[in-house]
Amino acid sequence: MTDAPAPYGGPSMPPPQGPSVPGPSPAPPSTPGGFRSPLSDGEWHRMHPLTPLLRGGLVLVVVAGLIISNLRERIADFFISSTVPGADGFQGQPGDPIDFVLQHNLVLVALLVLAGLLLVLVGLFYLSWRFHTFRITGDDVEVRQGVLFRSQRRAPLDRVQGVNLTRPLIARLCGMAKLDVLGAGSDTNVKLEYLSTKTAEAVRADILRLASGRKLAEAVAAGRVPGMPRPGRVAQATTMVTDAVTGMVLGAEVPVEPASVVEIPMLRLLMSHVFSQATLWLLVLIGLIAWGSWQTTPVLLLSVIPAVIGIGTYWVRTLSKKFRYSIAPTPDGVRITYGLFTTITEILPPGRVHAVELSQPLLWRPAGWWVVRVNRLAGRSSSSRESDQAADALPVGDRADAERVMRLLLPGLAEDAWSLVFDRGVLARPGNGEDAFTTTPKRAWILRPLSWRRNGFVLTDHVLIMRRGFIWRKLVVVPLARLQSFGIEQGPLDRALGVAEVHAHTITGRVSGRLGAIDRDAVVGLFAEAAAGAVRAGAGDRSHRWADGVPDAG
């Protein structure tokens, strides 16, 4: 008989009775040492005991709020009659269940029923916690849960695209967090919810170390590697309260990584939303409504209110996610933290960036602000709001900020190629009197009447850089090692003008790898060179296993 999961890293308990998980049982993993967390020992462990409350017990809070709201008159009458002599009692509504209980002397029965319901809920929470376990081996992160209907999810460590640490507001008050292990596909995430914040940080570090290919030092003694000593219950409670207060005051978890390389001033963040495309469309809509009300009836002006409320809601939601933004390099990748109420800390490991886009909206051009987006596997649908948020590596920043972030996301780009990003790239300043980019030929200017001199590409040994747009400037950098395939498209008008469209295929995301109106011969040459370059870069790339073979002494 094997040991049952230890409760939150504690001693083993008798195994829970219940249906077994279908499928073959994996062989017991070898026991590595040098862990930062006692939960990364290859054994099954349970989540934090408060996990059922945070996952489903908040419904009880809502129900209690509804009950209190419905009984507010009776509660107010109780306090008034207790403090004001001679006050009239509460006159209940016909059919009021509380009046029925009082009139028929069923108070004891009602209390027993409520106590029974509470016991049932506590029992369900206990079973939910007892059958919700996880383990971290040298190959996978596994989570199994369910009492009647069992489920088991597994994330291979060599397919891990990142590990996010999320702290919703209620969880932050309790000093807890959840981990999202991002897989290489849609709806492939494995969630560890919930752990204490410090434990979650340590577990995340272990998952990233294993995903990096680093060989953890083998334990000298056979058997389970002894974990970190567990403090007493009083010390645990004190630590939980301290972590909660620290999280509410300082924001993200205790800073153990380098300071952020970018600081976004509050005024810049607010002004970037004021001078945005959504605001422009709102002004156009208000202008059309004002003109229509002047032509027809002034009552039409009332329709402006829903539009203003909608834009205001959008601003509040997006601003709350971008507050307290920070980005910093770590040994395991780029660390991005953001969020006012729900704090999310993402680790973007090396080799997980499939494309980078540097863009500048027209209204931001006088201020010199830029936005940096990435294509990455986030384990979510590409149309979800979470994917949109994950795509923004830099919500808004000046040129120095954008260059620092680009250097973090593209560490393998040669130093002499950086001039192709800003000066000779998105700003289109020619070097030595000529443009390094292959642009749209003059005969096809009708396809790009404003940007035909800017619309173009350049191929280096490691990246493909594409530049487009005159009003909305954009520059896309695709690492050849991450290139999935390369396509050429040509319509009837393109054939008549001797041009074609290229498409550098990466994973689905906000960054587009399309570039049209390029000379046909240049596109054919790019097709062959990009294919050969992608094969060479992919054969020599080890960025996705950035610590392969590096021993860890723990």
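**Aromatic pairs and buried rings**

Phe-422 counts as buried, with a relative accessibility of 2%. The model that shows this is a predicted one. Trp-370 is also buried, at 3% relative accessibility. Trp-370 and Phe-422 form an edge-to-face aromatic pair, with 5.6 Å from centre to centre and 85 degrees between the planes. Trp-370 belongs to strand β13 (residues 370-375) and Phe-422 to helix α13 (residues 422-426), so their pairing ties together parts that are 52 residues apart in sequence.

The count of aromatic pairs comes to four. Another of these is made by Trp-364 and Trp-369: the ring centres are 6.2 Å apart and the planes stand at 75 degrees, so this pair is edge-to-face. Trp-364 is buried, with a relative accessible area of 8%, and Trp-369 counts as buried at 14% relative accessibility.

Arginine side chains also lie over aromatic rings. Arg-407 is placed over the face of Trp-418, at 4.6 Å from the ring centre. Arg-467 lies over the face of Phe-437, at 4.3 Å from the ring centre.

In soluble globular proteins, nonpolar side chains tend to be buried together. Here the largest nonpolar core has 43 residues, and those with the most contacts inside it are Leu-358, Val-372, Val-405, Met-406 and Leu-409. At least two residues of this core come from each of β10 (333-338), β12, β13, β14 (392-397), α12 (399-409), α13, β17 (463-468) and β18 (473-479). Which element gives the largest share of this core? That element is α12, with five residues.

Leaving out residues up to four places away in sequence, Val-372 touches Val-356, Glu-357, Leu-358, Ala-391, Asp-392, Ala-393, Leu-394, Ala-402, Val-405, Met-406 and Leu-409. Is Glu-357 buried or exposed? At 3% relative accessibility, Glu-357 counts as buried. With residues up to four places away again left out, the contacts of Glu-357 are Val-371, Val-372, Arg-373, Arg-468, Lys-474, Leu-475, Val-476, Val-511 and Ser-512.

A second, separate core has 24 residues, including Val-190, Leu-195, Ala-200 and Ala-211.

Helix α6 covers residues 197-211. At 1.5 Å a residue, its 15 residues should span 21 Å, and the end C-alpha atoms are 21 Å apart, which agrees. Of the 15 residues of α6, 14 are buried, so this helix is largely enclosed by the rest of the structure. Gly-213, which follows α6, has a positive phi near 90 degrees.

Strand β7 (residues 190-196) contains Tyr-194. The peptide bond from Glu-193 to Tyr-194 is cis, with omega near 5 degrees.

**Sheets and hairpin**

Strands of a sheet pair through backbone hydrogen bonds, either parallel or antiparallel. In this chain, four strands form an open sheet in the order β1-β2-β3-β4, and their pairing is antiparallel. The edge strands are β1 (45-46) and β4 (151-156), each of which pairs on one side only. Strand β3 (residues 140-145) runs antiparallel to β4 and is joined to β4 by six bridges. Gln-145 has Ser-151 in β4 as its bridge partner.

Strands β9 and β10 form a hairpin, with two residues between them. Five bridges join β9 (residues 326-330) to β10, and the two run antiparallel. Ser-326 has Thr-337 in β10 as its bridge partner. The loop between α10 (304-322) and β9 holds Arg-324. Although Arg-324 is not a glycine, its phi is positive, about 55 degrees. Arg-324 counts as partly exposed, at 32% relative accessibility.

Ala-517 is another residue that is not a glycine but has a positive phi, of about 60 degrees. Ala-517 lies in strand β21 (residues 514-519) and counts as buried, at 4% relative accessibility.

**The chain as a whole**

The protein chain has 15 helices and 22 strands. Of its 554 residues, 43% are buried. Among contacts between residues at least 6 apart in sequence, 61% join residues at least 24 apart.

How values were computed. Residues numbered from 1 in each chain as written. Predicted model: local features only at pLDDT ≥ 70, side-chain atom pairs only at ≥ 80, totals over all residues. Heavy atoms only, no water. Phe/Tyr/Trp six-rings, centres within 6.5 Å; stacked < 30°, edge-to-face > 60°. Buried < 20%, exposed > 50% of the residue type's maximum accessible area, 1.4 Å probe, protein only. Lys NZ or Arg CZ within 6 Å of the ring centre and 35° of its normal. Expected span 1.5 Å × (residues − 1). Contact = heavy atoms within 4.5 Å. Core = buried A, V, L, I, M, F, W, Y, C linked by side-chain atoms within 4.5 Å. Pairing = 2+ DSSP bridges.
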